[in-house]
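I opened this model to take notes, one topic at a time. My entries follow in the order in which I looked.

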Protein chains: 2
Amino acid sequence: MTAISDNQLATRADDETARELAAPNETEIAQLDAWWRAANYLTIGQIYLQGNPLLREPLTPAHIKPRLLGHWGTSPGLALIYAHVSRLIRHTGQQAIYLAGPGHGGPALVAAGYLEGAYTEIYPKISQDEAGMLRLFRQFSSPGGIPSHVSVTTPGSIHEGGELGYVLVHAFGAVMDNPDLLAIAVVGDGEAETGPLEGSWKGVSFLNPARDGAVLPILHLNDAKISGPTVLGRKDPAEVRALLHGHGYDVIEVEGSDLPGMHYRFAAVLAEAWGKIRAIQTAAREGDWDGSRPRWPLIILRSPKGWTGPDEVDGITVTGTWRSHQVPLSGVRDNPEHLAILERWLRSYRPEELFDDAGAPTAGVLALPPRGDLRMGASPHANGGLLTRDLEIPDFRDYAVDVERPGASRAESTRKLGELMRDVYTRNPDNFRLFCPDETNSNRLGAVFEVSDRAFMERVSPGDVAIGRDGRVMEVLSEHSCHGWLEGYNLTGRHGMFATYEAFAMVSASQTVQHGKWLQEARNLPWRAEVPSLNVLLTSTAWRNDHNGFSHQGPGLIQVVLTQRGDIARVYLPPDANCLLSVADHCFRSRSYVNLIVIDKQPQLQYLTMDEAIEHCTRGAGVWEWAGTDDGTSDPDIVLACAGDVVTMETVAAAQILKERLPGFKVRVVNVVDLMTLPRPKDHPHGMSETQFTELFTDTVDVVFSFHGYPGAIHQLVHGRPDADRFRVRGFIEKGTTTTPFDMTVRNQASRYHLVMDAINNAKRLPRGATVLKQWCEQQLAKHDAYIVEHLEDMPEVRDWSLGDRAQRG
Amino acid sequence: MTAISDNQLATRADDETARELAAPNETEIAQLDAWWRAANYLTIGQIYLQGNPLLREPLTPAHIKPRLLGHWGTSPGLALIYAHVSRLIRHTGQQAIYLAGPGHGGPALVAAGYLEGAYTEIYPKISQDEAGMLRLFRQFSSPGGIPSHVSVTTPGSIHEGGELGYVLVHAFGAVMDNPDLLAIAVVGDGEAETGPLEGSWKGVSFLNPARDGAVLPILHLNDAKISGPTVLGRKDPAEVRALLHGHGYDVIEVEGSDLPGMHYRFAAVLAEAWGKIRAIQTAAREGDWDGSRPRWPLIILRSPKGWTGPDEVDGITVTGTWRSHQVPLSGVRDNPEHLAILERWLRSYRPEELFDDAGAPTAGVLALPPRGDLRMGASPHANGGLLTRDLEIPDFRDYAVDVERPGASRAESTRKLGELMRDVYTRNPDNFRLFCPDETNSNRLGAVFEVSDRAFMERVSPGDVAIGRDGRVMEVLSEHSCHGWLEGYNLTGRHGMFATYEAFAMVSASQTVQHGKWLQEARNLPWRAEVPSLNVLLTSTAWRNDHNGFSHQGPGLIQVVLTQRGDIARVYLPPDANCLLSVADHCFRSRSYVNLIVIDKQPQLQYLTMDEAIEHCTRGAGVWEWAGTDDGTSDPDIVLACAGDVVTMETVAAAQILKERLPGFKVRVVNVVDLMTLPRPKDHPHGMSETQFTELFTDTVDVVFSFHGYPGAIHQLVHGRPDADRFRVRGFIEKGTTTTPFDMTVRNQASRYHLVMDAINNAKRLPRGATVLKQWCEQQLAKHDAYIVEHLEDMPEVRDWSLGDRAQRG
């Protein structure tokens, strides 16, 4: 059997290849075993050694690290899989990436990248010689080095081994519109207990074999997690089979610890799985397919935890139990017996056969991995910025809402974004997807269905609308899956958007945080090319969830994104459609950010022409002269600031009331689109200069700030600005809803009437007529409260309010 | 077949009862059908009507609400199940609660409570007559009324129908240690797509039939969600069966829409399921059990979406499709044809048979439900505060760490908490549980295993430690399951704690938020008795995750809890073991709060004796005279404040450096345990008075505040305090970790050396020797940076630092 030369796709019939793959000869077995032993040796070295990396002298306590960290238990299994997939790639030219769900087996993946040479290419100091190996060992889980798990620093990874649950969603996202890619996704039996992971097996119900690549899940059952057994590890194997068959997989099982038997058997099941994948893809791509969901293969690998490690320590069984999860031998510096076990254990891999005199891997080890970009540690798919193409975006100005006068007419802003995305879909048939938990239509983004169905591989009924196997709009009722798929899609270089209900964005908040950490860390690594930004659109916002009530009102994700660093975090609150289009265009063109856009889906007042919107959004914040009574010649009596669509309307309405009822009272209206203009420049790169800040907010005049989210967000953002205490923030406040559950009552926290009273109360100068106006506001509130209970909707002067022809542009 | 009288448990043989239940006679069918028709009628009335509730006159546009809200699609199915379970209860005396996963079918559950009389008992204005019915209709999804989904206001509910995914975890939590309770948990096929729900089927792997009650999941497949099909709805039914069989269930299926056929068939499958549950429980409780996991029954109900609604509207099929998900008939006020369809639809239930002249339910309808507390809308299990017993807590002072001098010795603080919880377990054998994702030992709480194993119903091996069917420590590698189980346990009146890694607390942050909303809303409802608080312990904190790196460092949950209202949110940062014990005791005794406790698990310096700790924690914040050089006679030169264990150590160390190296420089050290003492009293009930605030922080002296979490949290908390801008916060800052990934580097953000320099830079008076000291600090930082790279651990003077005998109590 001849290896296919580097980067050349298989030309022989796949089934013949699979047959050959299934039956490795003795030379191949020797190569697999040598490579595997080398990887295991390097794994243990990373955990334990700070000297004597090749065991050229007897091991002494001084060679042992002061603090033993890392996870041995899962590592040999991860390395075994890596070895066999490497052989598969070398023989087939298959493009593949490797996602390690049990990411705490980081040293195994680092070892693999090192043995491939990929690690040294990126980090030249970690050279393939004795000095480099020692650096490899010392950097692991050490100050100035690398974390103990698979991380951004690990070549070939798009999957951090920290928070568990996302290995399959990342894998499925990576292969969407990536027909030639195979994602090997190892699922640990610990991770398999998490909700997000259990919810992600159904990725196959959304994967089109003609257009998308393939995911090969390998469920690696070794029975235990940190300190106890796992559910899948201890269930009747027939139940585990039934479960995965029920998810839609063709379950292939392999089990054992005998050698070289396991090499033969694993080679056979991997070949079987690959052959089945190729058969499914060939049939789908050559037209021999009825369109039904294929039954994709899945491998269950049962192997001992800590396999090839010390069987017993201090008379207690370690290998095969939870005791080998982390560091099976502790106190090695002080315990001569443990030190001796460690040395025997290390020597059991026969390092002298694996590394030459200089410390470089021997030819027998190097014979296994593929070359060049086919190495999983060097795959451009796992450094997706290298493959990123600019999105083809039509001119967003073509979707502008016509705004004759500010605040005079209503439109559904997100509908315009839907139209823009429809045309983005058309121009980017394999480079853009929208991900949304079943709410694309509800969020008024349904224009995309004019050009793409929703992806769905289960049974489609004649009555279905916009559902089908060729669809590329991704709807699944799981924020975790939507978010994770998009991350996988982004990290392999493609563009997209996650649109979801604001209140339930907290479901996947931890993913937003973790992806932000990934992007931020990647900025420190010159070899990681920038990838498309993670774009998150929140609709159905707190202020419009009157009917759904309290549990559907939660602007918490803003707060979460604010904790991320300025390098990557962006929060936009466009007040109308033209601003939304301008912001969205910017976000689609950006790289390696987390862009959070918050805007409601209901019909809402429109303020700015497209030209004005572009200027406003470019600045991020600005004075709306037409809304206020501020002539700019001196400080106003009050600044009414706002960020967020509904509160902007209330602010404009309040300013209008003041204009009409308190002539001579000088009101300045400031709207903020880009929330990150508020902090100081040293706290965020978007932070406006002190001069700009003063131009908008003055240095001393009180600011009544109406904010879409929790008031504390503004308090923390303006910290350090001149006299920050003068910012009076009205925002969303959690309150019980039983007696007053609804929209207008919540909105009243920042209603026009409250804002007018706030303006009066905080103005340095009490204008004539102020007391009467405050009384009128109280009366309006009381009147409105009574009206909504009687009529079950807002009173007309609130419901249908607009500026009409009262506002003129300057 | 005779109904068992109220609240009397079944005495006849269960199998005979099950046989009778399986075969309702015609009278019973008529009762079931009448009740079901009444519930459906009331559901539609809630969605559509604001007048003419009994259709005593022809329907006109004026009778229709201005805004049509609510979800019809799932409601008839929910009501059918409710009807049949009511019959089951009436015949068996079974204690049961009903959890509606498709909680948007709120009107169906409200209708059920109304027909039982439970609703009127709680809300007398919603009387069982025409006027009350009209109020019932008008309040639904209206200002001043109730939300559109099952909510805190719904009698009989412990499960909000907002964020999807938690119906099974709530159900399993409710039945733990509740042997007589049956939780009917309806899972919608939309919710079934979420990760948390998919992860929660495995609750049966942790349920002990001898000690716990039973969950009967009813997977209600009606094929569609808001605007498209569902995966389980469209999968081959054999796959769905395999999936649920794989999870460990005995799958019973029923399908159809024919009437009364479906009544007969549903009665039969419900009887079968109940009989199997009773058989499992009887065997387990009477000793006829081998200890293996039972195969619990589960029902799959396939019925049309919007069942009994209008088949077609405008020539398009509605019933049985996603079009009936919400409001199947729109524009009813303006469209006479739709109005006519609505009237026909309402009259199809023959309301004149269901309600008498006064508008009260007729005897035929009232014959179905059980009486008294057995009504699901009146079950005390769903108003768990009624059943809450105080936790028996040993005197926490007995677990005190002996602290001879402050800052002189180290202890693992959480280990003490583990010992306290061990004895709580012993004293409360059915009233307390610890929930933890596989980290009880890692978090140093393992003392609980001296008295309780981990619960586990799958295969147990001889080598397992502290694993078994009788265990009551709940470990599953799912934050969602742990959190949700505890919520269910709490809401049914029992106590517990969720202990988890700080960084991954964000996984279940949305659950923390939603449960907080529940508790807050419940405070507005006098009939809802207070329940035990949700106690969340975060360990393995950001500051000690050097080796795990960036992805394991995230103090975000503090930020999330801060957004909750003062009524329910509490955040504690005990600096040592004695404070932790005092705080934990307080939290265990509290009711209806979300208590967040943050402390690391590593050995850490101890400062306060138990008496001091109690005083300090009672105040929530205080001056540590022994740490500073402030004699209290005048303002100090600087205030060093701290909240959080690691940053407290750094602050004490910085104060010591200043004491020794800048004699005459007056430093005050303030430690904050209860974060909510910082805001103003009007913002949080724990907020200290302005006088107290000034006593601690002065009015004008700069405060260098070392905070465990993100700095913005302190900025927002001190907003409005005198000259809040003088607070300089050092806290956790997100930063890439590649070049400097580790603990000390992160900790350096608030390291003693940085704090000393901050103190000097911000003091109003520059003391002699300050410049030299700053240089020394820079040198120390450089020296430490070099040391950790060389030696892979902190330099000894940092690693082993303590106050030794230098500090004396005042």
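**Entry 1: a parallel sheet**

I began with strand S9 (residues 432–436) of chain A in this predicted model. S9 is joined to S12(A) by 2 bridges, and the two strands run parallel. I looked up one partner: Phe435(A) is bridged to Met474(A) in S12(A).

Next I traced the whole sheet. It is open and has 6 strands, in the order S12-S9-S13-S14-S16-S15 of chain A. The pairing is parallel. Which strands form the edges? They are strand S12 (474–475) and strand S15 (569–572) of chain A, and each pairs on one side only.

Then I checked what packs on this sheet. Helix H16 (residues 479–491) of chain A does, and it touches S9, S12, strand S13 (495–501) and strand S14 (534–539) of chain A. The direction of H16 makes about 165° with that of S13(A). I also looked at helix H19 (residues 577–589) of chain A. H19 lies across S13, S14, S15 and strand S16 (594–598) of chain A. H19 runs at about 165° to S16(A).

**Entry 2: a mixed sheet**

I moved on to another sheet in chain A. This one is open too, with 5 strands in the order S18-S20-S19-S21-S22. Its pairing is mixed. How much are neighbouring strands turned against each other? The average is 20°, direction ignored.

Strand S19 (residues 638–643) and strand S21 (residues 703–707) of chain A run parallel and share 5 bridges. In S21(A), Phe707(A) stands opposite Ala643(A).

**Entry 3: domains of chain A**

I noted three domains in chain A. Domain 1 is written in pieces, 14–45 + 72–119 + 143–309 + 354–383. Domain 2 covers 396–604, and domain 3 covers 620–799.

I then compared domains 1 and 2 of chain A. Their centres, taken over C-alpha atoms, are 32 Å apart. In the contact between them, 27 residues of domain 1 meet 31 residues of domain 2. Which helix gives the most to the domain 1 side? Helix H7 (residues 167–175) of chain A does, with 6 residues. I sorted that side of domain 1 by class: 11 nonpolar, 12 polar and 4 charged residues.

**Entry 4: two chains**

I turned to the pair of chains. 116 residues of chain A are in contact with 117 residues of chain B. The largest share of the chain A side comes from helix H17 (residues 509–523) of chain A, which gives 8 residues. By class, the chain A side has 33 nonpolar, 56 polar and 27 charged residues.

How are the copies related? Two copies of a chain are related by a rotation about an axis and a shift along it. Here a rotation of 180° with 0.0 Å of shift along its axis superposes chain A on chain B, with an RMSD of 0.0 Å. The two copies are therefore related as by a two-fold rotation axis. The same surface serves both: 100% of the contact residues of chain A recur in chain B.

**Entry 5: backbone exceptions**

Most residues other than glycine have a negative phi, and most peptide bonds are trans. Leu55(A) has a positive phi, near 55°. Leu55(A) sits in the loop between helix H2 (26–48) and helix H3 (75–92) of chain A.

Where did I find a cis peptide bond in chain A? One joins Leu259(A) and Pro260(A), with omega about 5°. Pro260(A) lies in the loop between strand S4 (249–255) and helix H11 (261–285) of chain A. In chain B, a cis bond joins Leu259(B) and Pro260(B), again with omega about 5°. Pro260(B) lies in the loop between strand S4 (249–255) and helix H11 (261–285) of chain B.

**Entry 6: confidence**

I finished with the predictor's own scores. The complex gets an ipTM of 0.96 and a pTM of 0.97. Chain A has a mean pLDDT of 93, and 96% of its residues reach 70 or more.

I marked two stretches for caution. Over residues 1–11 of chain A the pLDDT stays under 50, and the model has 21 contacts there beyond four places in sequence. Residues 736–746 of chain A are also below 50, with 30 contacts beyond near neighbours in sequence. Where pLDDT is low, the predicted coordinates should not be read in detail.

Conventions: Residues numbered from 1 in each chain as written. Chains lettered and ligands numbered in written order. Predicted model: local features only at pLDDT ≥ 70, side-chain atom pairs only at ≥ 80, totals over all residues. Contact = placed C-beta atoms within 7 Å. Helix = DSSP H or I, 4+ residues; strand = E, 2+ residues; numbered from the N terminus. Nonpolar A, V, L, I, M, F, W, Y, C, P; charged D, E, K, R; others polar. Least-squares fit on C-alpha atoms with pLDDT ≥ 70 in both. Domains from an automatic or database assignment. pLDDT = per-residue confidence, 0-100. Pairing = 2+ DSSP bridges. Axes fitted to C-alpha atoms, helices over the stretch in contact; angles between N-to-C directions.
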